[in-house]
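Subject: A structure for you to look at

Hi there,

Here is the structure I promised to pass on to you. Please open it next to this email, and then read on for what turned up in it.

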Amino acid sequence: MAEKPLTDWDSGLCDCFEDAHTCCYGFWCGPCLACTVSGRFGENYCLPLCDILGPAALAACGIPLCVPPAVLSVRAAMRNRYGIKGSLCKDIAVSCFCALCSWCQMHRELKHRKKTPTVITIENNTVYNMQPVPVAQLPAVMVSAQPPTAGFVA
């Protein structure tokens with residue numbers, strides 16, 4: 001089976017203003033956007049909460065966590081599923097330093113992939129004339145309903 005060539009992301013990491021709705025969604029409610037992306041991608045909606053609660057819980061135990069696990073795993077899985085160019089090193093760097101931009105980029109990618117192309121099917125249908133053959137009609141003769149006037153003979 002031939003492999004599909006790798007493609008680029010539909011939008012760049014910092015192309016937030018390409019889709020202002022996603023940009024505002026991410027800016028005003030980043031965790032909500034992350035949960036939406038995770039759910040639309042087919043993962044658990046609560047997966048991004050690991051990025052929020054995980055570092056706090058681990059730091060309380062004295063274990064530092066540098067890489068947010070949810071954004072990294074969803075990003076790597078999305079690249080793999082859709083055949084997008086990149087590397088795990090780039091995914092780690094983006095997840096560490098631009099996590100919110102990464103969630104926005106993944107949201108735009110999912111919106112782009114959700115659009116389905118319009119397929120038009122044209123079939124060659126034979127048209128049958130189902131009307132009867134027209135018949136020529138004779139002109140109607142106008143006959144008066146009143147009797148002829150007296151004194152006039154035809």
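Let's begin with the aromatic rings: the structure holds 2 aromatic pairs. Rings of Phe, Tyr and Trp (for Trp, its six-membered ring) count as a pair if their centres lie within 6.5 Å; planes under 30 degrees apart are called stacked, over 60 edge-to-face, and the rest tilted. A pair of aromatic rings is described by the distance of the centres and the angle of the planes.

Phe27 and Trp28 make one of these pairs: their ring centres are 4.8 Å apart and their planes stand at 85 degrees, so the pair is edge-to-face. Phe27 and Trp28 are both exposed. Here, exposed means over 50% relative accessible area, buried means under 20%, and partly exposed is in between (1.4 Å probe, protein chains only).

Phe41 and Tyr82 form an aromatic pair too, also edge-to-face, with 6.3 Å from centre to centre and 75 degrees between the planes. Phe41 sits in the loop between helix 2 and helix 3 (49–60), while Tyr82 belongs to helix 4 (residues 69–82), so this pair ties together parts that are 41 residues apart in sequence. Are Phe41 and Tyr82 buried or exposed? Both Phe41 and Tyr82 are buried.

A quick word on the ground rules. This is a predicted model, in which local features need pLDDT of at least 70 and side-chain atom pairs count only at pLDDT 80 or more, while totals for chains, interfaces and linings use all residues. Residues are numbered from 1 along each chain as its sequence is written, and side-chain values use heavy atoms, with hydrogens and water left out.

Now for the chain as a whole. Its secondary structure comes to 6 helices and 0 strands, giving the pattern α-α-α-α-α-α along the sequence. Helices (H or I, at least four residues) and strands (E, at least two) are DSSP runs, numbered from the N terminus. Of the 154 residues in the chain, 27% are buried. Among contacts between residues at least 6 apart in sequence, 69% join residues at least 24 apart; contact means heavy atoms within 4.5 Å.

The axes of helix 1 (residues 20–28) and helix 2 (residues 30–40) come within 5 Å and cross at roughly 120 degrees. That makes helix 1 oblique to helix 2. Axes are lines fitted to C-alpha atoms, for helices over the stretch in contact, and angles run from 0 to 180 degrees between N-to-C directions. Angles under 35 degrees count as roughly parallel, over 145 as roughly antiparallel, 65 to 115 as roughly perpendicular, and the rest as oblique. Helix 1 brings Thr22, Tyr25, Gly26 and Trp28 to the contact, and helix 2 brings Gly30, Cys32, Leu33 and Thr36.

- Arg79 lies in helix 4 and is buried, with a relative accessible area of 13%. Beyond its neighbours within four places in sequence, its contacts include Trp9, Leu88 and Asp91.
- Arg75 is found in helix 4 and counts as buried at 5% relative accessibility. Leaving out residues up to four places away in sequence, Arg75 touches Trp9, Leu13, Asp91, Val94, Ser102, Gln105 and Met106.
- Ala70 has its place in helix 4 and is buried, with a relative accessible area of 2%. Not counting residues up to four places away in sequence, Ala70 touches Leu47, Pro48, Asp51 and Trp103.

Pro55 is found in helix 3 and counts as partly exposed at 24% relative accessibility. Lys90 lies in helix 5 (residues 88–97) and counts as exposed at 56% relative accessibility.

Enjoy exploring!

Best wishes
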